[in-house]
Amino acid sequence: MAGILDFSPDDRCNAFITACTGAAFGDGALAGIAVAINDNISTAGIQTTCASRILEGYIPPYDAHAVELLKQEGAAIVGKTNMDEFGMGSTTGTSAFGPTRNPIDPERVPGGSSGGSAAAVAAGLVPMALGTDADGSIRCPAAFCGIVGLKPTYGRVSRYGLIAHAGSLEQIGPMARTVEDVSRLISVITRYDPRDSMMLDQPYSHRPSADVSDLKIGIPTEYFGEGVDMRIATTVRDAIDVLEGLGAETTPVSIPSVRYAPAACCVICASEVSSNLARFDGVRYGPAVDTRKPWHEAYREVRQANLGPEARLRIMLGTLTLSAGYAGKYYAKALAARQRITRDFERVFCDVDVIAGPTTPTVAFRPGEKVSPLSIAGTLTAPANLAGIPAISVPCGDVDGLPVGLQVMGRRFEDERVIDVAYAYEQEVRS
Amino acid sequence: MITEKDIEHIAGLADIGISNDEVPEFTHQLNAILEYLGILDTVEDESTPASGTANVFREDEPRPSLPQEAVLANAGSTEDGFIKAPRVM
């Protein structure tokens with residue numbers, strides 16, 4: 001079986017930056033399945049922009065490892081999905097190609113940064129998509145759009161060909177309408193790749209099991225307290241009750257250091273961004289720099305014209321947090337917080353198998369409602385990135401007609417277990 | 001507190017380019033973020049280093065790489081098989 005998939009989506013949500021009308025596919029585990037790819041993941045011959053003008057027109061000469069694997073298993077790469085510029089945001093509103101709308105309610109944001117992938121899946125344009133997650137960018141839009149999204153364990157999926165913005169936190173991960181499809185997609189993209197030096201050879205080959213008897217679930221008080229919409233807390237608590245009904249045991253736990261997570265994640269992301277985005281200067285790719293001008297003047301001109309205000313703000317923040325006189329106050333402290341968070345999770349995972357709570361503190365909001373320069377949407381998701389642990393978001397009901405996500409976090413390299421827990425919940429409420 | 005002069009200095013270090021009318025807004029936004037980041041002041045440093053990690057080495061061997069045309073294809077300006085950059089002196 002091989003052929004060309006005719007893909008012409010009715011893209012009312014502006015989920016795609018680039019759609020490939022004729023997408024080739026082949027034989028394999030994903031034969032003929034349309035898969036959308038977040039636009040910060042390199043696709044040979046298909047424009048890849050990171051939703052930024054600074055990469056407009058850039059055609060990667062090679063595929064990311066994850067894309068290579070999808071093609072090997074017969075998937076049809078049907079397009080590149082919208083996102084916050086370089087992954088910085090939680091609304092998909094900072095894209096240079098216009099915001100994506102939430103298919104559940106077009107007046108609301110789809111979440112972000114992988115909002116295009118979430119919207120494409122939720123609107124039924126594709127059954128599955130790849131997103132990327134450095135502080136919640138798969139799980140937040142999955143929760144807001146009512147789909148399933150997994151941030152794998154750090155080191156489980158090769159980052160080769162993922163255009164880096166915060167490489168120490170970010171993973172490529174699967175997004176789909178069902179846990180089973182998330183499991184199918186992750187099983188294809190975890191094959192070992194020596195080109196990502198942070199990767200471990202731990203391929204995922206697992207079929208989801210709905211057996212959660214004898215499972216110990218930790219309920220962190222910090223995930224149900226201040227800042228979390230009471231109705232979301234109640235909805236998620238009800239979902240955990242469903243798991244209890246299936247034989248799981250729950251126990252309250254405390255992870256006090258998660259209060260540092262949004263700030264630590266913000267500093268580490270910005271610091272890495274200030275370094276990673278230095279390469280976008282119009283020399284090797286993107287809109288051409290004026291080579292007749294002196295270099296500083298030429299680079300400033302092309303970067304000012306082609307990087308959005310949010311990207312420029314974060315670059316400045318990261319430049320500051322790494323500079324002499326400030327690095328000890330911000331970057332070193334953020335790394336210390338990261339270590340505390342990692343240890344707190346390790347301690348809790350001595351007593352419980354997984355930790356469950358809400359994915360986001362609110363449901364999808366309207367553009368402009370969150371005026372804070374920091375994404376508060378990452379409050380409950382960033383801890384998993386800092387600790388490098390797997391975390392899945394699965395739809396678990398709604399508040400005022402808007403989807404709510406149940407987040408399940410697990411020990412490092414126990415992605416299988418968080419998938420099983422999400423699957424058990426999903427199968428129980430569907431039947 | 002970060003001043004407008006600091007912002008101009010940082011923008012210069014980062015080569016991002018900033019116009020005069022952007023300076024007040026960026027100063028305001030950055031100060032709001034820094035105020036929020038104040039929570040990190042209360043993090044106690046642990047002196048023990050992270051454990052459980054190990055370096056993974058590979059042999060330094062030549063491997064296939066992209067053909068020259070593919071590397072140059074996205075560059076805005078090329079000459080004699082090289083990528084052209086702004087002058088540095």
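**Figure 1. A:Val302 counts as buried, with 26 C-beta neighbours inside 10 Å.** A residue is called buried if 20 or more other C-beta atoms lie within 10 Å of its own, exposed if 12 or fewer, and partly exposed in between, with C-beta atoms placed from the backbone. The model shown here is predicted, so local features need pLDDT of at least 70 and side-chain atom pairs count only at pLDDT 80 or more, while totals for chains, interfaces and linings use all residues. Residues are numbered from 1 along each chain as its sequence is written, and chains are lettered from A and ligands numbered from 1 in the order in which they are written. A:Val302 sits in helix 7 of chain A. Helices (H or I, at least four residues) and strands (E, at least two) are DSSP runs, numbered from the N terminus. Leaving out residues up to four places away in sequence, A:Val302 touches A:Asp281, A:Gly282, A:Pro287 and A:Val289. Two residues touch, or are in contact, if their C-beta atoms, placed from the backbone, lie within 7 Å. A:Asn102 is 200 residues from A:Val302 along the chain, and their C-alpha atoms are separated by 32 Å.

**Figure 2. Helix 7 of chain A gives eight residues to the side of chain A that touches chain B.** The contact takes 47 residues from chain A and 36 residues from chain B. On the side of chain A, the elements that give two or more residues are helix 6 (261-276), helix 7 (295-306), helix 8 (309-321) and helix 9 (331-348). Of these, helix 7 of chain A gives the most. Sorted by class, this side of chain A has 30 nonpolar, eight polar and nine charged residues. Here Ala, Val, Leu, Ile, Met, Phe, Trp, Tyr, Cys and Pro count as nonpolar, Asp, Glu, Lys and Arg as charged, and the others, Gly among them, as polar. For the model, ipTM is 0.93 and pTM is 0.96.

**Figure 3. Helix 2 of chain A (residues 115-122) is mostly covered.** Eight of its eight residues are buried. They are A:Gly115, A:Gly116, A:Ser117, A:Ala118, A:Ala119, A:Ala120, A:Val121 and A:Ala122. The cover over these buried residues includes strand 2 (16-19), strand 4 (34-38), strand 5 (76-81), strand 6 (128-133), helix 3 (139-145) and strand 8 (171-176) of chain A. After helix 2 of chain A comes A:Gly124, with a positive phi near 80°.

**Figure 4. The loop between strand 5 and helix 2 of chain A holds A:Phe86 and A:Ser113.** Most residues other than glycine have a negative phi, and most peptide bonds are trans. A:Phe86 is not a glycine, yet its phi is positive, about 55°. A:Phe86 is buried, because 30 other C-beta atoms lie within 10 Å. The peptide bond from A:Gly112 to A:Ser113 is cis, with omega near 10°.

**Figure 5. Helix 1 (residues 4-14) and helix 2 (residues 23-36) of chain B pack at an angle of about 95°.** Their axes are 9 Å apart. Axes are lines fitted to C-alpha atoms, for helices over the stretch in contact, and angles run from 0 to 180 degrees between N-to-C directions. The angle makes helix 1 of chain B roughly perpendicular to helix 2 of chain B; angles under 35 degrees count as roughly parallel, over 145 as roughly antiparallel, 65 to 115 as roughly perpendicular and the rest as oblique. Helix 1 of chain B brings B:Glu4, B:Ile7 and B:Glu8 to the contact, and helix 2 of chain B brings B:Val23, B:Pro24, B:Phe26, B:Thr27 and B:Leu30. These residues divide into five nonpolar, one polar and two charged. In the loop between the two helices lies B:Asp15, a residue other than glycine with a positive phi near 55°. B:Asp15 is buried, with 20 other C-beta atoms within 10 Å.

**Figure 6. A:Met230, in helix 5 (residues 230-245) of chain A, is exposed.** A:Met230 has 9 other C-beta atoms within 10 Å. In sequence A:Met230 and A:Thr362 are 132 residues apart, and in space they are 9.2 Å apart, C-alpha to C-alpha.
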